Amino acid sequence: MKPLVLALSLGLLAAPSAARAATVVKLDPATQRRIGVAIAPLAAARRSASATGFARVLDVTPLATLDADLTSAAAVAAASSAEAARTRTLADADATVSRKVAEGALAQAKADVAKLTLLRRRVALEWGPALAPDARRARLIADVAAGRAALVRIDAAVNLAAVRSVRLDLGPQGVATATVLGLARAADPRLQTAGLIAQVSGPKAALFSTGATATAIFDQGEPVSGVVLPRSALIRTSGQTFAYVRKSSDRFERRAVVGGSLQADGLFVAGGFAPGEPIAVGGASALLAAEIAPAKTGD
């Protein structure tokens, strides 16, 4: 993962300990074209306040195995119940079958039903009530096997009871939406926190390999106004993230990015930048190199 993306995912866009003077770099338009500087105005945006958590892709193999055992147990229970009914009829009608054999068949049928009941309860106890229905569970397993879905566990230090969907940051691949199926039945062994079981569906599900992790983003509170900084405009240096704002035809100000939350189209910030400001969405690295070069020459 690239350093900038990693910093964004881990929420390292903290405010600097002390204010820094704005840094300006001066380049004529011809040089800007030569190094590939591209400019675009910032658009106004509104986003809900957000919190972050941790998402981990689950291995669905144990669930698929349990589902196969349950299907087999259902067939065995149906057959033994039918056998018990036949032997009882024969025992009651003309003693073709002894009562002892009929009682044995009935006991076997009850045992098979008990095994089936246990397996159904295991699904709910281990994976949650949302996956207890046979049709829904079978469809999920088939979709995961075909790469159309992924099952993830999400942990966060927020109130999870009312969460219905979560955005998952995939770095350069963008953001995917996970639909919450229900609360996890066991605490995470390392984090010791309650969690959510959620499903990712659609083309991006194929990016979720078993055991992979991602940053989970929860929308909270009333929407706030701000702008979205495109990923291509962000540059990280000296332990901080910046973007270049064009102040005139040949002057660019390197401005610090403070706070912010990841979005599918970039980084949303509620302050420090204004809608309509022209920002360098291409060639930001070249602008930084041009800014640093004179200082190195002076050394």
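Colleague: Let's start with H4. What covers its buried residues?

Modeller: Bear in mind that this is a predicted model. The cover over the buried residues of H4 includes helix H3 (61–93) and helix H5 (134–145), along with strand E4 (149–155) and strand E7 (195–201).

Colleague: And which residues of H4 are the buried ones?

Modeller: Ala 102, Ala 105, Ala 109, Asp 112, Leu 116, Leu 119, Val 123, Ala 124 and Trp 127. As background, residues three or four places apart on an α-helix point the same way, because there are 3.6 residues a turn.

Colleague: How do you know what span to expect for H4?

Modeller: You take 1.5 Å times one less than the number of residues. H4 (residues 99–127) has 29 residues, and the expected figure is 42 Å. From first C-alpha to last, H4 reaches 42 Å, close to that expectation. Just after H4 comes Gly 128, with a positive phi of about 105°.

Colleague: Next, Leu 160. Where does it lie, and why is it called buried?

Modeller: Leu 160 is in the loop between E4 and E5. Buried means under 20% relative accessible area; Leu 160 has 8%, so it is buried.

Colleague: What does Leu 160 touch, leaving out residues up to four places away in sequence?

Modeller: Ile 154, Leu 183, Ala 194, Gly 195, Leu 196 and Phe 218. Take Leu 196: it is 36 residues from Leu 160 in sequence, yet the two C-alphas are 7.3 Å apart in space.

Colleague: Which residues have the most contacts inside the largest nonpolar core?

Modeller: Val 152, Ile 154, Val 166, Leu 168, Val 200, Phe 208 and Phe 218, in a core of 21 residues. Strand E3 (44–57), E4, strand E5 (165–169), strand E6 (175–183), E7 and strand E8 (213–229) each supply at least two residues of this core. Another core, of 20 residues, lies apart from it, with Leu 116, Leu 119, Ile 141 and Ile 197 among its members.

How values were computed: Residues are numbered from 1 along each chain as its sequence is written. This is a predicted model: local features need pLDDT of at least 70, side-chain atom pairs count only at pLDDT 80 or more; totals for chains, interfaces and linings use all residues. Side-chain values use heavy atoms; hydrogens and water are left out. Helices (H or I, at least four residues) and strands (E, at least two) are DSSP runs, numbered from the N terminus. Buried means under 20% relative accessible area, exposed over 50%, partly exposed in between (1.4 Å probe, protein chains only). Contact means heavy atoms within 4.5 Å. A nonpolar core is a set of buried Ala, Val, Leu, Ile, Met, Phe, Trp, Tyr and Cys residues joined through side-chain atoms within 4.5 Å.
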